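Notebook open, structure loaded. I'm jotting things down as I look them up.

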Amino acid sequence: MLAQKMKLLLAPLALKILRPTLKIPPLCTSISKIEGPIIFAGLHRDLIGSILYLKPARPWLLVSGSDDGLILVRALGDRDFGFIRGATGENGGRALVRLRRTLEAGNHIGLAVDGPKGPFGVIHSGVFQLAKMTGATIVPLLPTVKPSVVLGTWDRTVVPLLFSEISLKIGPLMTLHPNTSEKEIQSLRHQLHSFFQPVSEV
């Protein structure tokens, strides 16, 4: 309990110190040209790098309802991001509804396709359900952070160090419609897996 309270207190301060030292590229022009709401999709391990990159887009983030999720919310604050607590997987219906409403209101969202509990690198169906229901464009993100520390957690979280440089690779843009078949979704899932494969096989 004490350790958790310390994390809640120290995480915002740590990010406040770290962020000004990082070299982060501007939001890609191809992203700014996309019409309508966007679903930014990445692996859970790349959460920190992706979030820092996406700050100018002011997305709503799907964050675990766990204590660790609360730490992330406290660290980021609500000035640049919105937050939806929960998951899109098992018992995640409420979060899925909130994400859908957020997209339909014209807001961007960001979520980890293998979160919140893994398995690492396994792409869940929530991102495709949302895109199919709303017509929002899926934009896969794969950041590289150097130098960084990789934590011994299930998702192998990448944590930037002071003066780290974040570079970013954008995957194939994906747009679904209400009649998108399961076969087509499986093909898109394979494309996403192939895009994240260099990371998911580390």
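Helices (H or I, at least four residues) and strands (E, at least two) are DSSP runs, numbered from the N terminus. I count residues from 1 along each chain as its sequence is written, and my side-chain values use heavy atoms, with hydrogens and water left out. This is a predicted model, where local features need pLDDT of at least 70, side-chain atom pairs count only at pLDDT 80 or more, and totals for chains, interfaces and linings use all residues.

**Confidence.** I looked up pLDDT, the predictor's confidence in each residue, from 0 to 100. The protein chain averages 88, and 90% of the residues score at least 70.

**Cis peptide.** I found a cis bond running from Lys 146 to Pro 147, omega near -5°. Pro 147 sits in strand β5 (residues 137-150).

**Burial.** My cut-offs are relative accessible area under 20% for buried, over 50% for exposed, and partly exposed in between (1.4 Å probe, protein chains only). How many residues of helix α3 (residues 47-54) are buried? I get 6 of the 8, so α3 is largely enclosed by the rest of the structure. The buried ones are Gly 49, Ser 50, Ile 51, Leu 52, Tyr 53 and Leu 54.

**Positive phi.** Arg 58 is not a glycine, yet its phi is about 50°. I place Arg 58 in the loop between α3 and β2 (60-63), and it counts as partly exposed at 48% relative accessibility. Phe 163, another residue other than glycine, has phi near 65°. Phe 163 belongs to strand β6 (residues 158-170) and is exposed, its relative accessible area being 63%.

**Helix pair.** I checked helix α5 (residues 93-104) against helix α6 (residues 126-134): their axes come within 10 Å and cross at roughly 45°. That makes α5 oblique to α6 (under 35 degrees is roughly parallel, over 145 roughly antiparallel, 65 to 115 roughly perpendicular, the rest oblique). Axes here are lines fitted to C-alpha atoms, for helices over the stretch in contact, and angles run from 0 to 180 degrees between N-to-C directions. Which residues meet, taking contact as heavy atoms within 4.5 Å? From α5 I list Leu 96, Leu 99, Arg 100, Leu 103 and Glu 104; from α6, Gly 126, Gln 129, Leu 130, Met 133 and Thr 134.

Technical notes:
Contact = heavy atoms within 4.5 Å.
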